[in-house]
Amino acid sequence: MLSPEVTSYLEALIPKREREIEEIEQYAKEHNVPIMELVGIEAMLQILKLVQPAKILEIGTAIGYSAIRMAKALPNANIVTLERDKERYERALFYIEKTNTAKQIHVLFGDALHLYEEVADYGPFDAMFIDAAKGQYLRFFEMYEPLLSKNGIIITDNVLFKGLVARAEQIETKRLRNLVKKICAYNEWLMDHPRYDTVILPVGDGMAISKKRGE
Ligand SMILES: C[S@@+](CC[C@H](N)C(=O)[O-])C[C@H]1O[C@@H](n2cnc3c(N)ncnc32)[C@H](O)[C@@H]1O
């Protein structure tokens, strides 16, 4: 993982965002909404700019921050994003309206594990971004990867989970230890997946980039 000093250094180099975007960052900070870390989202946006996906599926909208950033970075892309928390879903709609990204972003309210049929109507997707309940990553991947186009990519956030994956046995609380074990199991499963090539980058909270082999 990047040290706090290097992270601050990189953050200081990142250009200021538009006022509406910084307002969402501020709201997230004040209300403890877990949105993507700045260095992490910048890295993801750069990868997406290289891939130029026409359709993106995001699992875990929160208040719309990453979906809005993707829409602004990729003006020709359409994004379907899933959120199960009513208050966050509504706040996401508010910010999407405010940032003029409603034409590009479609938010579906509900548990991602129960939205497959609805999501399938929008597929196939050229990129997917998994950023919801960490203990369910494997299920999200298995459920939605059939909707990924040939050569598509799947990005999973938080796969290093503050570095805890490297010291799972030292974690004292059972609940956290079990969650970290699930993330470790997901990482191993993903790195071994016969149809995907994956690299884990130590930016943000750890990001896995999985590319479908496309044979
Ligand atoms: C880390 S936040 C997403 C942050 C967002 N991607 C961003 O960077 O702006 C994770 C969100 O996923 C939602 N979530 C967790 N499990 C979910 C599920 N099974 N279905 C839908 N949403 C889920 C949570 O309510 C939370 O708002």
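**Pockets and a strand**

Author: The second largest pocket has a volume of about 240 Å³, a volume being the space filled by probe spheres set on grid points that are joined across faces, edges and corners. The model is predicted, so local features need pLDDT of at least 70 and side-chain atom pairs count only at pLDDT 80 or more, while totals for chains, interfaces and linings use all residues. Residues are numbered from 1 along each chain as its sequence is written, and side-chain values use heavy atoms, with hydrogens and water left out.

Reader: What makes Phe161 part of the lining of the second largest pocket?

Author: A pocket is an open set of points on a 1 Å grid over the protein atoms alone, where a 1.4 Å probe fits, with protein on both sides within 12 Å along at least five of seven lines; lining residues have an atom within 4 Å of a point. Phe161 is listed in that lining, as are Arg175 and Lys182, among others, so Phe161 has an atom within 4 Å of a point.

Reader: Why is strand S1 called mostly covered?

Author: Strands are DSSP runs (E, at least two residues), numbered from the N terminus. Buried means under 20% relative accessible area (1.4 Å probe, protein chains only). Four of the five residues of S1 (residues 55-59) are buried, so these four are under 20%.

Reader: How do you know that S1 and strand S2 pair?

Author: Two strands pair if DSSP finds at least two bridges between them. S1 and S2 (residues 78-83) have five, in the parallel sense, so they pair. Glu58 stands opposite Thr81 in S2. Four bridges join S1 to strand S4 (residues 125-130), also parallel, with Leu57 opposite Met128.

Note on methods
Buried < 20%, exposed > 50% of the residue type's maximum accessible area, 1.4 Å probe, protein only.
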